There are 2 protein chains.
Amino acid sequence: MKQKITIKTIAKELGVSTSTVSKALKDSHEIGKETKDKIQAFANHYNYKPNSLALQLRNQKTKVIGVILPKIVHHFFSTVIMGIESYANEKGYHIMVCFSNEDYQKEVETLRVLSNGSVDGLIVSIANETLENKDFSHFIDLVEEDIPLVLFDRVVDDILCDKIVVDDVGAGYKATKYLIDIGCQKIGLITTPDHVSVGALRRLGYEKALIESYIKTDKNLIIKIDEKQDIKKQIEQLFEQNIDGVFAVNEIYAANAMRIAKEKGLNIPNDISIIGFTDGLISEYSSPSITTIAQHGFTMGRQAVELLIERIENEQEVFNPKKIVISSDLKLRESTKPSS
Amino acid sequence: MKQKITIKTIAKELGVSTSTVSKALKDSHEIGKETKDKIQAFANHYNYKPNSLALQLRNQKTKVIGVILPKIVHHFFSTVIMGIESYANEKGYHIMVCFSNEDYQKEVETLRVLSNGSVDGLIVSIANETLENKDFSHFIDLVEEDIPLVLFDRVVDDILCDKIVVDDVGAGYKATKYLIDIGCQKIGLITTPDHVSVGALRRLGYEKALIESYIKTDKNLIIKIDEKQDIKKQIEQLFEQNIDGVFAVNEIYAANAMRIAKEKGLNIPNDISIIGFTDGLISEYSSPSITTIAQHGFTMGRQAVELLIERIENEQEVFNPKKIVISSDLKLRESTKPSS
């Protein structure tokens, strides 16, 4: 690398002290306007950049927020990032996004890299493998070191920190209740394995709606998708059960269910009604378009970063972790019969 | 924050020198096994973490690569990240992703934050507003400071650095040629304003294919989308021209064209054939599914980070910027007639 211009060089060139240069560059009122202008002009001319690492060592604030997401291609997480960005920018923070790829080891490492002084705080949604392992010590260590942390969407009780979650039980209930109300009698559920907390909660909502309507839960109607295997093949089994309604806990499962229904010559929504989760582009551009649970990812992101910045900027306060529950809406489209 | 344990504390507690502790923690062969074990056990017990900022100040290598993308929700960019991740992980690098949101000012700031010592190098696709402004001084400064930079997809000649691009002219040609070959006679082009380099190049390919087949380019058949306005309304104008083929330079434009065609009662592909760009989930899950140009984002990402790491690790070499052109494929699906 080329030699960079430093505060020392500037001081020497202009015959002032380094502390004068430093103060002038911070626009301090202690330095007279003329001197300040001269120093700033000189620094600009030679493209002076403060050595951010040295600065950080001194005050340990980076004004950067780290975000760790489990997946790269995912509409819901993208909307959460947009929410985080919108509030962070207003408050003068930058965000850096890293991905765990649902992998425990990668999550541990990423957490280590980011918590080593690069960021002031972290916003994380936990990787599936970590949820399956139930080893949360990397998060617990972080909390013990008082590094501000907010978990969202996929959270666990073992980690004592602020959390933002969707009302997943309520969402599962809302979707299933709607299917019952429009006359569906055999409603299939396409969900995740039990260790994925959001899938398990949405299933609770599904069961709650069935019980309320005196419909017995039929285990054959519940498919827990193993994403390492062919998703479509697993969903095809469900269609052997003569179902007339489907609630899928994400967009990809819903789109696959729709494709299978079409291949079987079923009319959507007359023969079968389908509800998905996550109001993404697939749901919007499919035909028929897919009725879905909208999770308000943007709002979640904004709230998450709001809590985090509050934590970062009020270090001294007594720590009472908050949990904010965001309710979700059913967005009616063409894949379900209209309510009568 | 709680008091962190330092090398000094460890040295004092164990009655050894700080340099012994430092070497032991780096697993140096200069220190005997017994001492090393003792020091490492002590450090682990008290959850010692090296102060990465101090370390970085010393060796100026972070093993982190910064990536700046123009958009958050975008399938192509997501696949590029996956490609970057795959090779970076193999080489022991972490990646941090930031977003310019197509905004010039945000791009300038993000570049400043990342280039201040947080990363060893940068991979960037330029924001639309920057391309429109034609002010690339923030990139040129970076290159002058010898900070390794690789541009991909949206690149400009003014910046002297490594570049990875899709053969956009070739892709536009391939798509249009296919439409001509299956018998389309009035082919509409849905593209970006001219300042977006990739749109302009794909248009060149479109025109090249028409000229070769002795078809006169008709300006009324070319729509340049202003994304700040209603996209669908702008595309609707095109359908007043009795077109029988459409080439759209991205997935969203193609999905909108398909929706309009359906609303007008046109049969796809018999009345009109549609080709999009970017092999994303919308193209895959639409019905009919959309024939598209696959850009091989994964390959682009891998190649970009390969070039970057080469630059980072061989600082002393003479700098000859490389430009790698990745060719793209036409992925045939249901929205186009089969070739005869």
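Where in chain A is Pro288(A) found? Pro288(A) sits in the loop between helix 13 (281-285) and strand 10 (291-294) of chain A. Helices (H or I, at least four residues) and strands (E, at least two) are DSSP runs here, numbered from the N terminus. A cis peptide bond with an omega of about -5° joins Ser287(A) to Pro288(A). Turn to chain B and you'll find a cis bond between Ser287(B) and Pro288(B), with omega about -5°. Pro288(B) is in the loop between helix 13 (281-285) and strand 10 (291-294) of chain B.

Before going on, a word on what you're looking at. This is a predicted model, where local features need pLDDT of at least 70 and side-chain atom pairs count only at pLDDT 80 or more, while totals for chains, interfaces and linings use all residues. Residues are numbered from 1 along each chain as its sequence is written, chains are lettered from A and ligands numbered from 1 in the order in which they are written, and side-chain values use heavy atoms, with hydrogens and water left out.

Now head for strand 1 (residues 64-69) of chain B, where 6 of the 6 residues are buried. Buried means under 20% relative accessible area, exposed means over 50%, and partly exposed is in between (1.4 Å probe, protein chains only). In a regular strand, side chains alternate between the two faces of the sheet. In strand 1 of chain B, Val64(B), Gly66(B) and Ile68(B) are buried on one side, and Ile65(B), Val67(B) and Leu69(B) are buried on the other. Strand 1 runs parallel to strand 2 (residues 94-99) of chain B, and 6 bridges join them; strands pair if DSSP finds at least two bridges between them. Leu69(B), for instance, has Phe99(B) as its bridge partner in strand 2.

Glu102(B) isn't a glycine, yet has a positive phi of about 60°. Its place is the loop between strand 2 and helix 6 (104-115) of chain B, and it is buried at 15% relative accessible area. Lys134(A) is not a glycine either, and its phi is positive at about 60°. That lysine lies in the loop between helix 7 and helix 8 (137-144) of chain A, and Lys134(A) is exposed, at 62% relative accessibility.

What about charges that meet? Over all chains, the structure has 28 salt bridges, each a side-chain nitrogen of Lys or Arg within 4 Å of a carboxyl oxygen of Asp or Glu. One of them pairs Arg311(A) with Asp162(A), at 2.8 Å from N to O. Arg311(A) is in helix 14 (residues 297-313) of chain A and Asp162(A) in strand 5 (residues 162-166) of chain A, so this pair ties together parts that are 149 residues apart in sequence. Arg311(A) is buried at 18% relative accessibility, and Asp162(A) is buried at 0%.

Other pairs stay within one helix. Asp181(A) and Lys177(A) form a salt bridge with their closest N and O atoms 3.3 Å apart; both lie in helix 9 (residues 168-181) of chain A, 4 residues apart, about one turn of the helix. In chain B, Asp37(B) and Lys33(B) meet at 2.5 Å, N to O, and both belong to helix 3 (residues 33-45), again 4 residues apart. Asp37(B) is partly exposed at 37%, whereas Lys33(B) is exposed at 61%. Back in chain A, a salt-bridge network links Asp194(A), Arg203(A), Glu207(A) and Lys224(A).
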